[in-house]
Amino acid sequence: MNWDAIGAVGEVVGAVGVILTLGYLAVQIRQNTAMMTAQTVQASIDATQRVLLFRAEHADVRSVLRKARADEELNRDEFELLTAYLQAAFMNFQARLQHNTRGVFDASVNESYEKILVDYLEAQYVQRWWGYARVLYGDAFREHCDQIIERLNESEDGSLVNWSDASSSMGADKSASRND
């Protein structure tokens, strides 16, 4: 066997090694991307659950949300509580929109978040708050929420969910009904 043949065999072996390495790296990147996507979705869901649990665990938050929904006057502390709650909720919605734009959320997860955002934005007190707070959020999210509000205000349809009926049918008294 001459040196040219040995060199050719070495080149083939090297090329096969490069192809196998690239294949291995492609599999690893795909697995890592799937894991990062799952972690991002879970972190977003966890953040949303924290906001919802905060409302569920704190009667003062529920009380303020009911007062806001009923157009009752809020004192300064209640206003601060409402503002902080809505800011936390809307930061989650903004993150969800960014994740969806980047293709991180699948359609069903995004659809649920979008419906919940619409449910929030149907409330007049949320629309009033948004009129002031919208400058705190990114351009894409501001435009998205503004478009939702515009569609809601032009629509003849009722609310996405009638929380008063749901509350009554589940045996809750009027003072405990939702949309908070």
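**Exercise 1. Decide whether Phe90 and Phe93 are buried or exposed.**

Solution. Phe90 is buried, and Phe93 is buried too; here buried means under 20% relative accessible area, exposed over 50%, and partly exposed in between, with a 1.4 Å probe and protein chains only. Keep in mind that this is a predicted model, where local features need pLDDT of at least 70, side-chain atom pairs count only at pLDDT 80 or more, and totals for chains, interfaces and linings use all residues. Residues are numbered from 1 along each chain as its sequence is written, and side-chain values use heavy atoms, leaving out hydrogens and water.

**Exercise 2. Describe how the rings of Phe90 and Phe93 are arranged.**

Solution. Next, a pair of aromatic rings is described by the distance of the centres and the angle of the planes. For Phe90 and Phe93 these are 5.5 Å and 80 degrees, an edge-to-face pair. Rings of Phe, Tyr and Trp (its six-membered ring) pair if their centres lie within 6.5 Å; planes under 30 degrees apart are stacked, over 60 edge-to-face, and the rest tilted.

**Exercise 3. Find what surrounds Phe90.**

Solution. Leaving aside residues up to four places away in sequence, Phe90 touches (heavy atoms within 4.5 Å) Leu117, Leu121, Val126 and Cys145, among others. Then look at the rings: Phe90, Phe93, Tyr120, Trp129, Trp130, Tyr137 and Phe141 form one aromatic cluster.
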